[in-house]
Amino acid sequence: MSRISAAALRDALLDDGSFLSWDEAPLAVPVSPRYREELDAAAAATGLDESVLTGEGLVFGRRVALVACEFDFLAGSIGVAAAERIIAAVHRATAEGLPLLASPSSGGTRMQEGTVAFLQMVKIAAAVELHKRAHLPYLVYLRHPTTGGVFASWGSLGHVTAAEPGALIGFLGPRVYQHLYGEPFPPGVQTAENLQRHGVIDAVVPLDVLRHTLDRTLKVVSDPPAAPPTAPAPHPVPDVPAWDSVEISRRPDRPGVGYLLRHGTTDRVLLSGTGHGEAATMLLALARFGGQPAVVLGQRRVTGGSGALPTMPVGPAALREARRGMALAAGLRLPLVLVIDTAGPALSTEAEEDGLAGEIARCLADLVTLDTPTVSVLLGQGSGGPALAMVPADRVLAALHGWLAPLPPEGASAIVFRDVDHAPELAAAQGIRSADLLRNGVVDAIVPELPDAADEPEAFTQRLSATIAVELSRLRAAPADQRLAARFERYRRIGLPTG
């Protein structure tokens, strides 16, 4: 496939005429005569003086920093001079508080400089991590091809990572693999599309839509929130039997987190997987609710599903994806919205051996101590550990027919009565419905369903989105230390006698 040059990437992304180069003359490093000839030939062929260009420009009027490799300059390889240029740009972006877009297209370490070049990845990774610790966005667009140490360092550290369609992306280049092992690398593995399917990268984005994708992303991760929204009008909470809510929550046509994102948010950017090679059942996205930016985590419903349990069971990978979302929110200082809608954990040998219980525990601990505003939403079923792991937020909302229980009522009945016939009785006795959760201080507000979200999905979604927006705005206005202290106190007191 043809390659996107660094100049073409720059021109496709930035407002016309806005680019300002940050590049100075490359650092002089000792070179052999043959290496000098290669450098001179690369410069003549590309019009560049190194394999990387850096600078700043505007994206719809918004300042961003850019670091882009040029593959036609010695395969985009990184030596000492290229690395110095990169870290100078990263440090400048950090000092000036700019979002940083990095776009590798590289074979990796510059072999002409050997181990010294190999070690340059350490200081690049360090500079990128310091940029992220300053709570500044680091966004990566991988171009064809990206392999070796570049992919294994600054190419894999993005808050959000996209790639060019069809791009060859992998740690070990296929030519090197074939020479080392005497056989070709299996086809179809080192492609952008395959890595997205496996949750290694977030998206595959063509160059002609990359600018608008970047704009949507920056609207969430960089732009300030809108003015505080108006709270929806209050509605009385009807006295609905718990078992009725359980059955209603299982309707396959009930709107889930995907519907909420499509119809209740703007500037949506869907992300994919854990970033560690796992595609999971959790939905992860950036979005705005009524102009309030947030990271969104949601347990998916089965699209077009049927039967008693229309939500996907939650396994360890899904919880790792949830923890990625929590880390993303903390790293970018964005509020986190968690949407709970689960029939319970994945019950399998694989889930047990992959550490399901430990992932629930770590997810729970990460969330309750997360240093950013958090809002949890009981949208439908809230069964077992995977639901609990996403509950302990600053504010908890519940749809009228949302519920929370240690087990599905049928499971509780099986334990207490050794049958499932007493499920309605157990649902009532355990206080799982939204009204009981509100009375017990687990839930802060109930979002009405008139009478059922599945019968009025758009109207319900607008009410829910507006309520989330109000809570996000209020939480952002609260001092962080007070908000965190209030969260700890809230969960310490649940279940204790009052008065």
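This is a predicted model: local features need pLDDT of at least 70, side-chain atom pairs count only at pLDDT 80 or more; totals for chains, interfaces and linings use all residues.
Residues are numbered from 1 along each chain as its sequence is written, and side-chain values use heavy atoms, with hydrogens and water left out.

Let's start with the nonpolar cores. By a core I mean a set of buried Ala, Val, Leu, Ile, Met, Phe, Trp, Tyr and Cys residues joined through side-chain atoms within 4.5 Å. Buried is under 20% relative accessible area, exposed is over 50%, and partly exposed is in between, with a 1.4 Å probe and protein chains only. The largest core has 62 residues, and the members touching the most others are Leu-286, Leu-297, Met-326 and Leu-336. Helix H12 gives the largest share of this core, seven residues. Helices (H or I, at least four residues) and strands (E, at least two) are DSSP runs, numbered from the N terminus.

What does Leu-286 contact, leaving aside its neighbours within four places in sequence? Among its partners are Val-160, Thr-217, Asp-267, Arg-268, Ala-294, Leu-328 and Leu-334, where contact means heavy atoms within 4.5 Å. There is also a second, separate core of 32 residues, which includes Ile-78, Ile-86, Ala-89 and Phe-151.

On to the empty spaces. Rolling a probe the size of a water molecule over the atoms shows where empty space is left. We work on a 1 Å grid over the protein atoms alone: a cavity is a set of points where a 1.4 Å probe fits but cannot get out, a pocket is an open set with protein on both sides within 12 Å along at least five of seven lines, and lining residues have an atom within 4 Å of a point. Points are joined across faces, edges and corners, and a volume is the space filled by probe spheres set on them.

How many cavities of 30 Å³ or more does the structure hold? The count is two. The largest has about 40 Å³ of space, and its lining is Pro-238, Val-240, Ser-245, Leu-400, Arg-433, Ser-434 and Ala-435.

The largest pocket holds about 690 Å³. It is lined by 24 residues, and the closest to its centre are Gly-107, Gly-108, Thr-147, Gly-173 and Val-176. Helix H7 supplies the largest share of the lining, four residues.

Finally, the backbone. The bond from His-144 to Pro-145 is cis, with omega near -15 degrees, and Pro-145 sits in the loop between strand E5 (138–142) and strand E6 (146–147). Another cis bond runs from Leu-450 to Pro-451, with omega near -5 degrees; Pro-451 is in the loop between strand E16 (445–447) and helix H19 (457–477).

Two arginines are worth a look as well. Arg-333 has a positive phi, near 55 degrees, in the loop between helix H12 (316–332) and strand E13 (336–342), and it counts as exposed because its relative accessibility is 56%. Arg-418 has phi near 60 degrees, and at 78% relative accessibility Arg-418 is exposed.
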